[in-house]
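Good morning. Please look at the structure on the screen while I talk you through it.

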Amino acid sequence: MMGWENVEFSMWTGISLGILGIGVLFISPQKSIISTLWLGISGFAMALIAFESFLDHDYRLIQFFEHAIQFGTPLVLWYAWYSHRKAVIWAKILIGLTFLCHGLYALGVYGQPAHFLAMTQNILALDLEGAKVFLILMGVLDLWLA
């Protein structure tokens, strides 16, 4: 059974999430130098986490972009100060990119990851073949949503 004890939690993840969480309490909703700097640091920290995942997954670029909404959120917030329309467009692009990459993994384009299969089997009480079929269906839905 997979639980929280099996989740990898790196030092970068902890530091980044801690900084971002604390920063939300103090950041001003108006654009200022401090707010802009905070969004830059946040985006950089989240990009580092995505890069770490890219390195841990055999340098597959798709793994980096699977985290697009994660590291792109500060960019969307920055755009929201200047143009609501641009912020919405960027949010849609980042969400679509995340769904696209996730769907390609679920479809098995890069091989269905063993942890995807194990998680699906454990949560839905499926055998291996049932988990593979379920992930293919989810991959199709991901691509459709993208």
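Let's start with His-67. His-67 sits in the loop between α3 and α4. Helices here are DSSP runs of H or I, at least four residues long, strands are E runs of at least two, and both are numbered from the N terminus. This is a predicted model: local features need pLDDT of at least 70, side-chain atom pairs count only at pLDDT 80 or more, and totals for chains, interfaces and linings use all residues. Residues are numbered from 1 along each chain as its sequence is written, and side-chain values use heavy atoms, with hydrogens and water left out.

What does the side chain of His-67 make a polar contact with? The side chain of Gln-63, at 3.4 Å. A polar contact is a pair of N or O atoms within 3.5 Å; within protein, one must be able to donate a hydrogen and the other to accept it, and residues adjacent in sequence count only if both atoms are side-chain atoms. Leave aside neighbours within four places in sequence, and His-67 is in contact with Ala-50, Ser-53 and Thr-98. Contact means heavy atoms within 4.5 Å.

Now the partner. Gln-63 belongs to helix α3. Is Gln-63 buried or exposed? Gln-63 is buried, because its relative accessible area is 7%. The cut-offs: buried is under 20% relative accessible area, exposed is over 50%, and partly exposed is in between, with a 1.4 Å probe and protein chains only. Not counting residues up to four places away in sequence, Gln-63 touches Ser-53, Phe-54, His-57 and Tyr-105.

Step back to the whole chain. It has 7 helices and 0 strands. Of its 146 residues, 30% count as buried. Take contacts between residues at least 6 apart in sequence: 56% of them join residues at least 24 apart.

Next, helix α5. It covers residues 84-107, which is 24 residues. From first C-alpha to last it reaches 34 Å, close to the expected 34 Å. That expected span is 1.5 Å times one less than the number of residues. The buried residues of α5 include Ala-87, Ala-91, Leu-94, Thr-98 and Tyr-105. What covers the buried residues of α5? The cover includes α3, α4, α6 and α7. Just after α5, Gly-108 takes a positive phi of about 90°.

Ile-93 counts as partly exposed because its relative accessibility is 44%. Ile-93 and Ile-69 are 24 residues apart in sequence, and their C-alphas are 8.7 Å apart in space.

How do α4 and α5 pack? At an angle of about 170°, with their axes 7 Å apart. Axes are lines fitted to C-alpha atoms, for helices over the stretch in contact, and angles run from 0 to 180 degrees between N-to-C directions. The two helices are therefore roughly antiparallel to each other. Under 35 degrees counts as roughly parallel, over 145 as roughly antiparallel, 65 to 115 as roughly perpendicular, and the rest as oblique. On the α4 side, the contact includes Ile-69, Leu-75 and Tyr-79. On the α5 side, it includes Trp-90, Leu-94 and Thr-98.

Last stop, Ala-118, in helix α6. Ala-118 is partly exposed, because its relative accessible area is 27%. Ala-118 and Ala-131 are 13 residues apart in sequence and 8.1 Å apart in space, C-alpha to C-alpha.
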